[in-house]
Amino acid sequence: MMRVLPRRQSPGSAANGEPSPGAPAASSPRDLRTITRTLQSGGSVADREFDEVFPSEIRRVSKAHWTPVEVARRAAELLTDGHGADSTILDIGAGAGKFCIVAAATALARVRGIEHRESLVDVARTAASRLGVDVDFVRGTLEDEDPSVIDGLYLFNPFAENLCSPRDRVDDTVELNLDRFWRDVAATERFLRAARPGTRVVTYCGFGGSMPGDYVLTLRERWSSVLELWVKGHERADAPLLRRQA
Ligand SMILES: C[S@@+](CC[C@H](N)C(=O)[O-])C[C@H]1O[C@@H](n2cnc3c(N)ncnc32)[C@H](O)[C@@H]1O
């Protein structure tokens, strides 16, 4: 059974998304490591604070293109629930690495992010290194990945940029058009069909396509956009999650 839940406010986070009183200003490497320790211990980090790890041009597009910290934490929790520390999470379209970095800091899993823009792969690697978290960032596309080794897949509407006006795009260094959108959506649907039973998929704002019929919509939460957990096959992995929310 699937339930629709209201947006959750994490303990200690200010309602307006501003840093909590006494939160660190992330201007030095030491301050950045404080952000990592806060995430690891379950504390709240405001997006504005986290985004200081990025160059200004990456910060500027954060709200539109990168997952908010608390959404990333929740998505990572949903993807790893019931799996051991040796599970692997893949972010398709890792961007500047925000989801992957938060996931690596807060969840027990190997985290891999694939991204087709080389400049963003560099930004993501630098950010992970400054924050002291271990993420495998790779330049590439879904076609390069093996679905049989993935336990959890994260999709923050990665192909929507193909549909945006040029002014709303990250940049013009990659092919972006309607034909590319449908090719990438079809590749994702093929990847999902080839994944192992039990594979968990979290979408934030969807991914533009349809989940194959053997995936069960297990949870839906409203944050700034809709976060959904889908589980492939008929395993009972959804049961502990539903109990936790009750
Ligand atoms: C909405 S952003 C999400 C970034 C990251 N997942 C996050 O949540 O912070 C989507 C990213 O997917 C990348 N992307 C889009 N299509 C892609 C493709 N076919 N292969 C790899 N990366 C892609 C874009 O360059 C962009 O960085």
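Predicted model: local features only at pLDDT ≥ 70, side-chain atom pairs only at ≥ 80, totals over all residues.
Modeller: Residues are numbered from 1 along each chain as its sequence is written.

Colleague: What makes Leu120 and Val121 of helix 7 buried residues?

Modeller: Buried means that 20 or more other C-beta atoms, placed from the backbone, lie within 10 Å of a residue's own. Leu120 and Val121 pass that test, and so do Val123, Ala124, Ala127, Ala128 and Leu131. Across the 246 residues of the chain, 39% count as buried.

Colleague: Why do the buried residues of helix 7 line one face?

Modeller: Look down the helix axis and take the directions from that axis to the C-beta atoms: the buried ones fall within an arc of 160°, so they share one face. In general, an α-helix has 3.6 residues a turn, so residues three or four places apart point the same way.

Colleague: How do you know what span to expect for helix 7?

Modeller: You take 1.5 Å times one less than the number of residues. Helix 7 (residues 118–131) has 14 residues, and its 20 Å from first C-alpha to last is close to the 20 Å expected.

Colleague: Which residues come nearest the ligand?

Modeller: Trp66, Thr67, Gly93, Gly95 and His116 do, out of 21 residues around the ligand. To count as near, a residue needs its C-beta atom, placed from the backbone, within 6 Å.

Technical notes:
Buried ≥ 20, exposed ≤ 12 C-beta atoms within 10 Å, placed from the backbone. Helix = DSSP H or I, 4+ residues; strand = E, 2+ residues; numbered from the N terminus.
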